[in-house]
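User: I'd like to learn how to read aromatic contacts in a protein model. Could you walk me through them?

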Amino acid sequence: MNLRELVDSQRFCQGLTPGQCTGLAACAGERSFAPGDYLLRQHAVADTFYLVLSGEVQIRLAVPGQGVVTLETIGPDEAVGWSWFVPPHRCQFDAHAVLPTRTLAFAAAPLRALMEQDPTVGYAVLKTLVGTLTQRVQSCRLQVLDVYAPPGA
């Protein structure tokens, strides 16, 4: 499967025209990660949006006094990263490969420009991002409940 076909097969491409998918493919490339490799580092510049094609990625957060906490482990068809969309474009979490992981990596600046230029593409990508944000908020909520639970609870 070539890059264009990989992009076309993503959920957010459903309902988009071939030209719109070509625009998305122009922002994308395939990227692979070995176990232990980082896709994102907390506080680093967020310049890439990933869709996991295969493998497993842990989303982690450094918590003062607690060390590094794993919020969730995600796999194929899930998105990694949303900070690229919102200034100041800094990663809010670490993301590292647990298994050999293959991704579609979208360069943030051209993707934001495409979304601004074509609201249909922007809406399709935002639907994916909102799903990712919802998942991260829920994971953070569960971690907070666990961290601040009374001892023995």
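Predicted model: local features only at pLDDT ≥ 70, side-chain atom pairs only at ≥ 80, totals over all residues.

User: Nice. And what describes a pair of aromatic rings?

Analyst: Two values do: the distance of the centres and the angle of the planes. Here, the count comes to four aromatic pairs. Take F49 and W84: their ring centres are 5.3 Å apart and their planes stand at 40°, so this pair is tilted.

User: Where in the chain do F49 and W84 sit?

Analyst: In distant parts, which the pair links. F49 belongs to strand β3 (residues 48-54), while W84 is in the loop between β6 (79-80) and β7 (94-97), 35 residues apart.

User: Is F49 buried or exposed? And W84, buried or exposed?

Analyst: Buried means under 20% relative accessible area. F49 has 0% relative accessibility, so it counts as buried. W84, also at 0%, counts as buried too.

User: How are the rings of F49 and F106 arranged?

Analyst: That pair is tilted because the planes are at 35°, with the centres 5.9 Å apart. F49 is in strand β3 and F106 in strand β8 (residues 101-107), so the pair ties together parts 57 residues apart in sequence. Both F49 and F106 are buried.

User: Which residues form one aromatic cluster?

Analyst: F49, W84, F85 and F106 make up that cluster.

Note on methods:
Residues numbered from 1 in each chain as written. Heavy atoms only, no water. Phe/Tyr/Trp six-rings, centres within 6.5 Å; stacked < 30°, edge-to-face > 60°. Helix = DSSP H or I, 4+ residues; strand = E, 2+ residues; numbered from the N terminus. Buried < 20%, exposed > 50% of the residue type's maximum accessible area, 1.4 Å probe, protein only.
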